[in-house]
Amino acid sequence: MLRRRLEFLLKPTDIANPDYFHKVVDCQWACPAHTPVPEYIRLIAHGRYSDAYMINWKSNVFPGILGRTCDRPCEPACRRSRVEDETLVKGKKEPVAICRLKRVAADYKDDDGIKASMPKAPAKNGKKVACIGGGPASLTVARDLAVLGYEIVIYDQDPKLGGFIRTQIPHFRLPESVIDEEVGYITDIGNIEFRHQRVDSMKKILGEGYDAVFVGSGAPRGRDLDVPGRKEAAANIHIGLDWLSSVSFGHINKVGKRVIVLGGGNTAMDCCRTARRLGGEDVKVIVRSGFEEMKASPWEKEDAMGEDIPILNMLVPKEVRHEGGKIKGILFEKVKAEYDAKGRRSLVPSGDPDEFYECDDVLVAIGQENAFPWIEKDAGIEFDKWGLPQLGETTLQSTKKNVFFGGDAAFGPKNIIWAAAHGHDAAISIDKFLQGENVEERPAPGVNVVSQKMGIHEWSYDNAPTIDHRLKVPHRAKQEALKDIMAEVELGFDPQLAFKEAQRCLNCDVQTVFTGNLCIECDACVDICPMDCITFTENGEEKDLRTRLNAPAINPMQDLYIGNDLKTGRAMVKDEDVCLHCGLCAERCPTGAWDMRKYYMEMTHAGQSCRKM
Amino acid sequence: MTYIAKPRLHHPSLVKNKAGYTRRDYEGAVSTLCAGCGHDSISAAIIQACYELDILPHQVAKLSGIGCSSKAPTYFVGASHGFNTVHGRMPSVMTGANLANRDLIYMGVSGDGDSASIGLGQFAHVMRRGVNMTYIVMNNGVYGLTKGQFSATADKGSISKKGVANSDSSIDMVSLAILMGATFVGRSFSGDKHQLVPLIKAAMAHKGAAFLDVISPCVAFNNHAGSTKSYDYVREHNEALNRVDFIEGREEITTDYEPGTVTTVQQHDGSLLRLRKLGEDYDPSDKVAAMKRVQEGMHAGEVVTGLLYVDPSPKDLHDNLNTIDAPLNTLEAADLCPGTSALDRINASLR
C-alpha cells in the first residue's frame with residue numbers, strides 16, 4: 001500500500017473552470033486572440049466557409065490577411081505534432097496547417113452574404129475616440145467600438161488604412177485586394193472616420209476633445225547599421241522597413257543585381273524575396289546568428305531559400321567598403337556561439353579570416369524599435385527605461401487614464417494576431433472607462449459545453465482520426481512568380497485539399513468528460529484507448545503519479561485530469577497530452593461515465609455583456 | 001460495439017519487445033461485445049501477456065467454442081491461428097491440433113456455458129489428458145447471448161436481473177479442474193489486470209494443462225445487486241491468496257523481500273513463479289490443501305483468487321503418449337512408412 005499524505009493528493013479536476021478545457025485545445029490556448037480553431041476547421045470540412053469565416057472575423061478580425069501572414073503560434077502548439085506516428089508520416093510529425101485553412105475560409109466564403117451579415121453602427125452614443133495609426137490594433141479597436149455607437153477617428157500617415165499590413169508585407173504574399181476587403185468590412189460599419197494625417201503631437205490630439213485616445217502606431221523605426229563606411233555608401237544602403245514601404249507604394253521599382261540583406265527576421269525574408277523580383281539576381285541573406293536561432297518563421301526561410309536565396313550564418317558586418325561614394329561590398333567577421341554557465345549565448349570571433357561579399361545594394365533588416373517622438377514628455381504618459389509606455393498588463397491603460405496602447409506600440413514588436421488581441425482588450429478598457437466602470441474588472445469568456453452524442457455509436461463530429469501527413473499549399477511556378485511582384489506565390493488549398501487537411505484536425509475541443517459516480521471501473525476505456533492515456537490508480541503526488549500511469553505522462557505542460565467518486569477509492573487519471581479525442585472511451589463506456597462534450601469558448605469583446613449595468 | 005476502428009496512432013513511448021512488436025501489434029479486431037464486457041479486459045490482459053512474453057503471433061493457436069467468450073479470440077493477437085469450433089467441442093479440436101503440431105502455443109478460450117454446460121464432458125477430459133495449453137474460462141455466470149438465464153456456474157441463491165433466485169447448485173470450475181488433473185490452476189478477475197496478466201504469462205509458460213477461471217462480469221445481464229459475478233460483488237469478496245510475478249529464464253531475484261513472504265516455484269522450463277504472500281500461509285503445490293482451501297472459500301462466500309494449484313513438474317499429453325519431439329504434421333512419408341522390412345520385423349515380434 002502506498003503511504004499517502006492527503007495534502008499531496010491531486011485534487012479532482014474542476015472542469016467548471018473555463019481555463020481547464022481551454023488548455024486542452026492547444027491551438028486556441030496558444031492563439032493570442034483565442035480563436036476557436038477546431039470549430040472553424042470542422043466548418044471548413046463541411047464546406048461552410050462563410051460560417052468559418054465569421055468565427056474568425058469575430059475573433060481575429062482579419063481572417064484573409066492572417067490566413068496568409070500570421071505567425072501562427074497555434075501550429076507549434078498543435079496536438080497533432082505530438083501524436084503522429086513517424087513511420088506513417090515520412091518521419092516528420094507535423095501540426096495541422098491551421099493558418100492556411102483559415103485562408104480557405106476567406107477564399108471560398110460567399111462574399112455578398114458576408115457583406116450583408118456585417119454589423120452596422122447604431123446611433124451615436126456621444127463619445128469620441130481617436131486611434132493613432134491605422135494598423136491592425138487600431139482597426140480592431142475601431143471595429144469593436146463603432147458597433148457600440150462610439151465615433152471613431154483613425155489617423156495615419158499613409159494614404160490608405162492597414163499600417164504594417166499594407167506597407168511592410170509584400171503583395172506577392174498578401175494581395176492588396178485582401179487588405180482592401182477586410183479593412184472595408186470595418187470602415188463600412190459606419191461611425192469611423194479616416195484622416196490621412198501624420199500625428200506630431202499627443203497634446204494636440206488630447207486637446208481636440210476626444211473622450212479617449214488609442215495609440216496603435218506600431219514600432220515604426222528600423223534599426224540602422226553602425227559600421228565604418230555606412231555613411232559614405234549611404235546611397236546604396238536602405239533600411240528594410242522603409243524600403244519595403246516605398247516598394248509597396250510604388251516609389252521604388254528596382255534594385256541592384258547583387259543584393260545583401262542583413263538580418264534574420266521575417267522582414268529580412270520579405271526584403272530578399274522582394275529584391276529577387278526587382279532585378280536582384282544574386283541576393284543573399286547574411287545573419288549574425290546561427291540558422292536555427294534566426295527569428296524568421298521556418299516556413300518563411302524555406303520560401304526564401306526556394307527562390308534561390310542563400311542564407312549565410314555566423315557573420316557579423318565589420319565594414320562597408322566603397323569607392324567614390326559607390327558601394328563595393330561588406331566585410332564580415334566570422335563568429336561562433338559560446339555559452340556561459342547559465343546557458344546564455346554570446347557570439348565571439350571564431351578566429352577564421354574575415355569574409356568579403358560584393359554587392360550593389362544592402363537592405364538592413366536587423367530589428368525594429370518603438371519610437372514616440374510625438375508624445376511630449378509632459379503629456380502625462382509615463383515610459384519605462386526601454387522607452388515603452390507603462391501600461392496595465394491586461395487593461396493596456398497608460399498612466400494617463402484616457403490613453404490606451406496596443407499592438408507593437410504597447411510592448412514592442414510582436415505580430416498581427418497580437419495586435420488584434422490587444423485591440424479587443426483595449427476596446428473593453430475604453431468602453432468600461434467611458435461608461436464609468438472599473439477597467440480592472442475583466443469580463444469572463446463565454447463558455448458552452450455540450451454533449452456530442454447523437455446515438456449509440458454516433459457523434460456529431462467526425463471522430464476517426466486520419467493518418468494523413470500534412471499537405472503542402474500549392475505554389476505558383478518559380479519563374480512566373482519571380483517575374484511579377486504582384487503575383488501571389490501561394491495559391492491556397494482548393495476545397496479538396498482543404499477537406500483532406502481539415503480532417504487531420506483531432507477536434508481537441510470535443511472534450512472527454514468523466515463522471516465518477518457513474519463509473520463501474522470495468523476498464524473498458526483503459527483497454528480501448530489507443531494512446532494509453534487513461535489509468536485507474538491510487539491517487540498521489542503529481543510527480544510520482546505521472547510516472548506510474550499506463551503510459552508515462554511526459555509533458556508537464558499538459559494537465560492530468562483527475563476524476564474521483566469511484567467505489568474502490570481509486571482515482572481516474574487521464575493524461576490530456578496525447579488524447580486523440582476519438583471518443584472510443586465514451587463509446588466503450590457502458591454507463592455513460594465518459595461523454596464527449598464540445599467546449600466552445602469565445603472571448604468576450606467590448607459591449608453590453610461585459611458592462612455591469 | 002464500435003463503428004470506428006481503433007486508430008493506428010499510438011502513445012509516443014510505445015516500445016517494441018524482443019520479437020520486434022509493440023503491444024498494439026498484438027491487438028485484434030475491434031470488439032463487438034457489449035460496452036463494458038469483462039471479456040474485453042481479459043482480451044487486453046492476453047494482449048499484454050503475449051507482448052511481455054515476446055511471443056511470435058503466428059506461433060499462437062486460439063481455439064474457442066460458442067458464446068460471447070468464444071467470440072473474444074477475434075479481438076486479440078490478430079496475426080495468429082484461430083478456430084471457432086462447435087459448441088462445447090473446443091477441447092477435442094484443441095487436443096487434435098496439439099497432437100498434430102506440438103510446436104504451437106495453444107490457447108483455449110471458452111465460457112461458463114460452453115465449458116460447464118454443453119462442454120462439461122470435454123472439459124473434464126482435456127484436463128485429464130494434460131494437453132499442453134492455456135484454457136481460459138471467461139466466467140460471468142449467465143447466458144448473455146440468450147438474454148440472461150443462469151448458467152451452470154451461477155451461485156445457488158444468487159439473484160437474476162429479473163429478480164429470480166437460482167435454485168441449482170453451481171459448478172466450480174477450479175475445483176473441477178484440480179480434480180480432473182490440471183497441473184496449473186488459477187482464478188482471477190477481469191477487473192484486476194495486475195493479478196491477471198502475470199497469471200496468464202505463467203499459465204502460457206506452463207508445460208501442461210493450465211486452467212484459468214476468470215470472473216468476467218456481464219454488464220448487460222449480471223452486474224446488479226444480488227449477483228455474485230458483478231464488479232462490486234467480486235471486488236468486495238475477492239480473497240487473493242497470492243500475487244504472482246512471472247520471471248522468464250533463470251534470472252536472479254534481485255528485489256529484497258522479508259523472509260517468509262515469498263515462495264518461489266521453478267517451472268519445468270526454468271521460468272520462475274515468485275508468489276508474494278498476501279495473508280495466510282498458502283502452498284499452491286499441495287493439491288489436497290488447495291482443494292480444501294477453495295472449498296472453504298466457497299462456503300464462506302469468498303471469491304478465492306490467485307495461483308491456487310501448480311505442479312512444477314507436469315507431464316503433458318505428448319509425454320504420456322511418448323511421441324517424438326518433431327510435430328507429427330512435419331513427418332514425411334518416409335518417417336511414417338518405414339517399409340516392409342520394418343513391418344516384417346514388427347510382425348515377427350508378435351508371432
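**Close-up 1. The largest nonpolar core and a second, separate core**. A residue is buried if 20 or more other C-beta atoms lie within 10 Å of its own, exposed if 12 or fewer, and partly exposed in between, with C-beta atoms placed from the backbone. Beyond its neighbours within four places in sequence, Ile44(A) is in contact (C-beta atoms, placed from the backbone, within 7 Å) with Tyr49(A), Ala52(A), Leu101(A), Val104(A), Ala105(A), Ala498(A) and Ala502(A). A second, separate core of 36 residues includes Trp243(A), Val247(A), Met269(A) and Phe332(A).

**Close-up 2. Parallel strands β7, β8 and β9 of chain A**. Strands β7(A) (residues 258–262) and β8(A) (residues 282–286) pair in the parallel sense over five bridges, where pairing requires that DSSP finds at least two bridges between two strands. Val285(A) of β8(A) is the bridge partner of Val261(A), and Val285(A) also has Ile311(A) in β9(A) as a bridge partner; β8(A) and β9(A) (residues 311–312) run parallel and are joined by two bridges.

**Close-up 3. The eight-stranded sheet of chain B**. This open sheet has the order β2-β1-β3-β4-β8-β7-β13-β9, with mixed pairing, and its edge strands, each pairing on one side only, are β2(B) (81–84) and β9(B) (238–240). Within the sheet, β7(B) (residues 184–189) and β8(B) (residues 209–215) pair in the parallel sense over six bridges, with Phe211(B) in β8(B) as the bridge partner of Val185(B).

**Close-up 4. The side of chain B that touches chain A**. The contact takes 25 residues from chain B and 32 residues from chain A. On the side of chain B, α1(B) (38–52) and α8(B) (231–237) are the elements that give two or more residues, and α1(B) provides the largest share, four residues.

Residues are numbered from 1 along each chain as its sequence is written, while chains are lettered from A and ligands numbered from 1 in the order in which they are written. Because the model is predicted, local features need pLDDT of at least 70 and side-chain atom pairs count only at pLDDT 80 or more, whereas totals for chains, interfaces and linings use all residues.

Methods: Contact = placed C-beta atoms within 7 Å. Core = buried A, V, L, I, M, F, W, Y, C linked by C-beta atoms within 7 Å.
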